[in-house]
Amino acid sequence: MSNEIIIDEPLTSNVRPASDSLITIRIIKSFPYRNVKNYIVKDIDLKGTTPKQLLQNIKDIISTIGALRPYRNIEYDSIKIYTQAHGTKSMHLVINFENDEEWVLVNKEVNGDEKSLWDLGVRNETELSLFHWDDYVAYKENPEEKW
């Protein structure tokens, strides 16, 4: 009798096709006060959607869904990968400070309409952060949390 554990089932994040994926958008209103609202995007085509298209879609959702009314007064202009499915998570609760060069999908400097989400490393069950770039830069320079 062996002590080996054999798992025949694939990870749940790998079961769904790229054309029918599920991602979590972390809508960040305030970095210091940690105002974050998660929004689940179902049935997204990762190979056919660019970060710029996703940004516009989420902005439209924020402007129409009543539950997101408190998040309408921020000019969202950036999307960054927070964590990949089954990957390591950041120790920071609001946003991942690492990998700005690779994980920022769209902001003032990165147009976000050249490659698809899939080409940029977004997979099923990835968590993305939506925020205002200038607020992020200021918070990264002085990551002080307030109550």
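Author: One term to start: two strands pair if DSSP finds at least two bridges between them. And keep in mind that this is a predicted model.

Reader: What makes β3 and β4 a pair, then?
Author: They share 2 bridges, in the antiparallel sense, and the cut-off is at least two, so they count as paired. In that pairing, I79 stands opposite V106 in β4.

Reader: How many bridges link β3 and β5?
Author: That pair has 5 bridges, again antiparallel. Here I79 stands opposite L130 in β5.

Reader: Why is β3 said to be largely enclosed?
Author: Buried means under 20% relative accessible area. For β3, 6 of the 6 residues are buried, so the rest of the structure largely encloses that strand.

Reader: Why does S129 count as buried?
Author: S129 has 1% relative accessibility, and the limit is under 20%, so it is buried. S129 sits in strand β5. Beyond its neighbours within four places in sequence, S129 touches several residues, among them R26, S78, I79 and V94.

Reader: How do you know that the span of helix α2 agrees with what it should be?
Author: With 14 residues (51-64) at 1.5 Å a residue, α2 should span 20 Å, and its end C-alpha atoms are 20 Å apart, so the two agree.

Reader: Which residues of α2 are buried?
Author: P51, L54, L55, I58 and I62. Looking down the axis of α2, those buried residues fall within an arc of 100°, so they line one face of the helix. Their cover includes β1, β2, β3, β4 and β5.

Technical notes: Residues are numbered from 1 along each chain as its sequence is written. This is a predicted model: local features need pLDDT of at least 70, side-chain atom pairs count only at pLDDT 80 or more; totals for chains, interfaces and linings use all residues. Side-chain values use heavy atoms; hydrogens and water are left out. Helices (H or I, at least four residues) and strands (E, at least two) are DSSP runs, numbered from the N terminus. The expected span of a helix is 1.5 Å times one less than its number of residues. Buried means under 20% relative accessible area, exposed over 50%, partly exposed in between (1.4 Å probe, protein chains only). The arc is that of the directions from the helix axis to the C-beta atoms. Contact means heavy atoms within 4.5 Å.
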